Amino acid sequence: MERPGSSSTSAIGLAPRPAASRASPSVRISFSSPRPVRPATTACLCLTLYITFGPAARNFAVSRVSIQIRPPRSIPSRPAAFYTDTNNERGGYPMTRTNTAASPEEINARLYKHTDIHPALPGAGSVGKEDYEHYRSQGFIAVSGILDAEEVRLSSEEIMSIIFAAEPQAKVQFTRPQNELRDNGERELAVRKVYEFVNGNERLREMAHHPRILAIVERILGGKAKLVQDMALLKPPTGGGEKPWHQDMAYGPLAYHNAVVGVWIALDEAGLDNGCMHVIPRSQMSGAVPHYAVRDWQLCDEAVPVERDVAVPLAPGGALFFHGLLFHGTPNNTSLKRRRALQFHYALDTSAKLTPQEYKRMFTNELTGAEC
Ligand SMILES: O=C(O)CCC(=O)C(=O)O
């Protein structure tokens, strides 16, 4: 049925609405193309007939016909927002970023229910055998103090200097066209991601190879680790967008034969109100799951058992170590606090990338044709 107040209605008035129609009972019959459709390629055709009955039941008239071309359920209907990169690179996977009809608050309430809050272990020295068991069965561990206060300060400083540099030694992804950003304040608020900085920034390269991080990662991998991705993720106050539920290995640069390990490090306090990490424990056991270009390159919302969502708040310097197939995501930042984080990914040194064919079979709907 047509949603009341839908803005995309293009009504064709075949017959003027009779004056009596306001007082008379009327029915509305809608027909829609039956098949859900792929995002951004096709739309749903809906025909709605407004039938008004006169005083005698046999007197009726078609008072209005409305034909709509409407996006299907869960496909964005507001104007698309977008990401612009300093180098316009797509990294081998779709980067389409669009809004949904749902508000950030609605998305947070529906998709980030966090029935539990997972506490971080007190420090790298406290990670023991049972914690590695926890990683293997649940897909993650959280550890405080992976970076100390000075390392957090230096890392934050380096990220901000990349954002404000005229010629950054890294790639920067914006949520607004750069020529609209009038000053550094607006620039910071518009940055979603800074990435591929380790080669151009010695301090951040040191963080990515920090002995406290590598010790845990190599114990998880069971061998020597290679750094395969480096980035910083920013969620500015009141508007830092959701990162929908996904598996990291569904992103081209992380599609390896062996599971990669993600390390997400809070640079600011990451809490329930400003977009801390959320995970679905044990979801890595599902293996590779198809992703779709909806609000991002993501799992279909309906495929995520959000009733098992666990939130992982972290203090600055705290880190989440997680399996490359773990379902995880972060809600919209609806608070007045910013939330910045570093994220590194490591693969076993000997591990090779999936071929494009393997990737497609594992992380897209090629095999099943299932729609989202
Ligand atoms: O920091 C965030 O908001 C989410 C990061 C994340 O999950 C990712 O980039 O894979």
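The buried residues of helix 7 pack against strand 14 (291-293). Helices (H or I, at least four residues) and strands (E, at least two) are DSSP runs, numbered from the N terminus. Helix 7 spans residues 356-363, and its buried residues are Tyr359, Met362 and Phe363. They lie on the same side of helix 7 because they cover an arc of only 75 degrees around the axis; the arc is that of the directions from the helix axis to the C-beta atoms. A residue is buried if 20 or more other C-beta atoms lie within 10 Å of its own, exposed if 12 or fewer, and partly exposed in between, with C-beta atoms placed from the backbone.

The structure is a predicted model, in which local features need pLDDT of at least 70, side-chain atom pairs count only at pLDDT 80 or more, and totals for chains, interfaces and linings use all residues. Residues are numbered from 1 along each chain as its sequence is written.

**The protein as a whole**

The protein has seven helices and 19 strands. Of its 372 residues, 36% are buried. Among contacts with a separation of 6 or more, 79% are between residues 24 or more positions apart; two residues are in contact if their C-beta atoms, placed from the backbone, lie within 7 Å. The mean pLDDT is 80, and 73% of the residues reach 70 or more, where pLDDT is the predictor's confidence in each residue, from 0 to 100. Over residues 1-60 the pLDDT is below 50, and this stretch has 96 contacts in the model beyond near neighbours in sequence. Over residues 62-99 the pLDDT stays under 50, with 94 contacts beyond four places in sequence.

**Strands and their pairing**

Two strands pair if DSSP finds at least two bridges between them.

| Strands | Sense | Bridges |
|---|---|---|
| Strand 9 and strand 10 | antiparallel | three bridges |
| Strand 10 and strand 19 | antiparallel | 10 bridges |
| Strand 6 and strand 16 | parallel | two bridges |

Strand 10 is mostly covered, with eight of its 11 residues buried. Leu233 in strand 10 is the bridge partner of Lys193, while Lys226 stands opposite Ala347 in strand 19. Ile117 stands opposite Ala311 in strand 16.

**The surroundings of the ligand**

The ligand is surrounded by Leu233, Lys235, Lys243, Asp248, Gly275, His328, Thr330, Ala341 and Gln343. Two or more residues of this shell come from each of strand 10 (225-235), strand 18 (328-330) and strand 19 (339-348). A residue is near a molecule if its C-beta atom, placed from the backbone, lies within 6 Å of it. The shell has two nonpolar, four polar and three charged residues. Ala, Val, Leu, Ile, Met, Phe, Trp, Tyr, Cys and Pro count as nonpolar, Asp, Glu, Lys and Arg as charged, and the others, Gly among them, as polar.

Gln343 is found in strand 19. Gln343 is partly exposed because 19 other C-beta atoms lie within 10 Å. Apart from neighbours within four places in sequence, Gln343 is in contact with Met231, Leu233, Gly262, Val263 and Trp264. The C-alpha atoms of Gln343 and Leu320 are separated by 9.4 Å, and the two residues are 23 residues apart along the chain.
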